[in-house]
Amino acid sequence: AYPSSPPASLAQKTAWAAAASAVDLLGRLAGQILFARMLGPDGFGRLAYWVWLVEMLNLVASFGLQSSLIRYHAELQANREHEQAVALGQWIYARVLGSICVSAMAVVFLLSQWQSPDISGIGIAAIVALLLLRSLSVLGTATVTGQQRFNQLAGVNAAVSYTHLRAHETV
C-alpha cells in the first residue's frame, strides 16, 4: 500500500522534472522565435529541415537505447549495483556514439554529393556538429534522468537554453 502522502523526495523530484521540461520548452520556443525573425521564412524553413534531419538521424542511430539507459540505470542504482550501472552506461554510450559517427559520415558523403548552393563545407560541418552534440545531449539527459537527478537536469536545460538564445547573436 502507498503512504497517505508521497515522500518529500518524490515531490521534489517531480517538481524538478517539471521545471526541467518547462525550461527546455521555453528555451526552445524563444530560440525558434529569434531564429525565425533573424532568418526569415526561407532561411528558417531550411534550418527547420536540417534540424529535422538531425533529429531523425539521431532517433534512428540511437535505436531507442537512451530509454534503456534511463530505465535500467535507475533500476541498477536502486538495487545498489553501481558497477553494473556504470558498465551499462559505457556499453550504451559506445554503441550510440558509434552509430552516430556512421550517420555523420553518411551525412557528409550525401551532402558532399548533393551540389546545392545552400550547403557549403561549413554548413556540412555545422550539421554534423549538431548531430553529434544532439546525440551527446540525449545521452547525457538520459543518464541524469536514470540517476534521478532532476535538479541537475533543470540546471543543464537552463544552461542549454541560455546558450541557444545567445547563439542568434553569433549567426
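**Helical architecture and nonpolar cores**

The chain exposes about 10900 Å², of which carbon and sulfur atoms supply 67%. The model is a predicted one. Its chain has 171 residues, and 27% of them are buried. The secondary structure consists of 5 helices and 0 strands, so that the order of elements from the N terminus reads α-α-α-α-α. Among the contacts with a separation of 6 or more, 76% join residues 24 or more positions apart.

In soluble globular proteins, nonpolar side chains tend to be buried together. In the present model, the largest nonpolar core comprises 17 residues, and Ile92, Val96, Leu111 and Ile127 have the most contacts inside it. At least two residues of this core come from each of α1 (8–62), α2 (65–78), α3 (82–113) and α4 (121–146). Another core, of 5 residues, lies apart from the largest one and includes Ala20, Val144, Phe150 and Ala154.

Helix α3 has 32 residues and spans 46 Å between its first and last C-alpha, close to the 46 Å expected at 1.5 Å a residue. The buried residues of α3 are Ala85, Gly89, Ile92, Val96, Ser99, Ile100, Ser103, Ala104, Val107 and Leu111. Leaving aside residues up to four places away in sequence, Val96 touches Ser62, Leu65 and Leu139. Ser99 also lies in helix α3. Because its relative accessible area is 16%, under the 20% cut-off, Ser99 counts as buried. With residues up to four places away in sequence again not counted, Ser99 touches Ala61, Ser62 and Phe63.

How values were computed
Residues are numbered from 1 along each chain as its sequence is written. This is a predicted model: local features need pLDDT of at least 70, side-chain atom pairs count only at pLDDT 80 or more; totals for chains, interfaces and linings use all residues. Side-chain values use heavy atoms; hydrogens and water are left out. A nonpolar core is a set of buried Ala, Val, Leu, Ile, Met, Phe, Trp, Tyr and Cys residues joined through side-chain atoms within 4.5 Å. Buried means under 20% relative accessible area, exposed over 50%, partly exposed in between (1.4 Å probe, protein chains only). Helices (H or I, at least four residues) and strands (E, at least two) are DSSP runs, numbered from the N terminus. Contact means heavy atoms within 4.5 Å. The expected span of a helix is 1.5 Å times one less than its number of residues. Accessible areas come from the Shrake-Rupley method with a 1.4 Å probe; for residues, only the protein chains shown count as cover.
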